[in-house]
Amino acid sequence: MATKARRIVILGPPAGGKGTHAKRLAADLGVPHIAIGDMLRREVAEGTSLGRTAKGRMDAGELVPDEVVEEMVLSRLGRPDAARGWILDGFPRDREQAEALERQGVGSRVELALALEVSLHEIVERIGGRRMCRSGHVYHVVTNPPRTPGVCDVDGEPLFQREDDSEEVVRHRFEVFERNTKPLLEFYD
């Protein structure tokens, strides 16, 4: 019987479905889903020095500097729950990050890279309707609306649209993905 890959990166544009697929895969494989965007947003919410560094870049649709993200990710991969494998969502974002991950050795070596392809038009529609509460429950005004408009079904918190979900920022994030992340398809071929 062939073994299943357990060290997987999911590549795709913003709102391309990386998180959705990563959560399902992680549950099926019994490994952690490591979402870099969630980790960065948590740092921002907690007001850490990393969070302050990241906030301005994220709000503008820019990537957080490699050394900051690499340190955060490699530290997370060193935790006991990641010893059997992991699903990375949002990392690596460029060749330098992919090479840094590979240099870490066998426990960090990617076994499978999945690429999700979604058009810019679809991404703008997805993100334009995305709403969430402070606890991170996510909705979409058309495809997954809350029972009461503007209110989280789970905890009753008000819903909001993230600052980095504006159409202008989304278009810029897509361009950054095309320029920096899409070439990773060749790296992992």
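Strand β1 (residues 7–11) and β3 run parallel and are joined by four bridges. This is a predicted model, in which local features need pLDDT of at least 70 and side-chain atom pairs count only at pLDDT 80 or more, while totals for chains, interfaces and linings use all residues. Residues are numbered from 1 along each chain as its sequence is written, and side-chain values use heavy atoms, with hydrogens and water left out. Helices (H or I, at least four residues) and strands (E, at least two) are DSSP runs numbered from the N terminus.

**The sheet**

- Four strands form an open sheet in the order β2-β3-β1-β4, with parallel pairing; two strands pair if DSSP finds at least two bridges between them.
- β2 (33–35) and β4 (112–115) are the edge strands, each with a single partner, so one side of each has no neighbour in the sheet.
- On average, neighbouring strands of this sheet are turned by 20° against each other, direction ignored.
- Val 9 has Leu 88 in β3 as its bridge partner.
- Three bridges pair β2 with strand β3 (residues 86–89) in the parallel sense, and Ala 35 has Asp 89 in β3 as its bridge partner.
- In a regular strand the side chains alternate between the two faces of the sheet.
- β3 is covered on both faces: Trp 86 and Leu 88 on one side, and Ile 87 and Asp 89 on the other, are all buried (buried means under 20% relative accessible area, exposed over 50%, partly exposed in between, with a 1.4 Å probe and protein chains only).

**Helices α2 and α3**

- α2 lies across β2 and β3, and runs at about 55° to β2.
- Helix α2 (residues 36–46) packs against helix α3 (residues 49–59) at an angle of about 115°, with the axes 7 Å apart; axes are lines fitted to C-alpha atoms, for helices over the stretch in contact, and angles run from 0 to 180 degrees between N-to-C directions.
- α2 and α3 are therefore roughly perpendicular to each other (under 35 degrees counts as roughly parallel, over 145 as roughly antiparallel, 65 to 115 as roughly perpendicular and the rest as oblique).
- The crossing of α2 past α3 is left-handed, meaning that the near helix is turned anticlockwise from the far one by less than a right angle; clockwise would be right-handed.
- Leu 40, Arg 41, Glu 43 and Val 44 of α2 meet Leu 50, Gly 51, Ala 54, Lys 55 and Met 58 of α3, where contact means heavy atoms within 4.5 Å.
- By class, this contact of α2 with α3 has five nonpolar, one polar and three charged residues.

**Helices α6 and α7**

- Helix α6 (residues 120–128) and α7 cross at roughly 140°, and their axes come within 10 Å.
- That angle makes α6 oblique to α7.
- α6 passes α7 in a right-handed crossing.
- Leu 120, Ile 123, Val 124 and Ile 127 of α6 make the contact with Glu 167, Val 170, Arg 171, Arg 173 and Phe 174 of α7.

**Thr 143**

- Thr 143 sits in the loop between β6 (138–140) and α7 (167–181).
- Thr 143 is exposed, with a relative accessible area of 64%.
- C-alpha to C-alpha, Thr 143 and Gly 129 are 8.6 Å apart in space and 14 residues apart in sequence.

Methods
Nonpolar A, V, L, I, M, F, W, Y, C, P; charged D, E, K, R; others polar.
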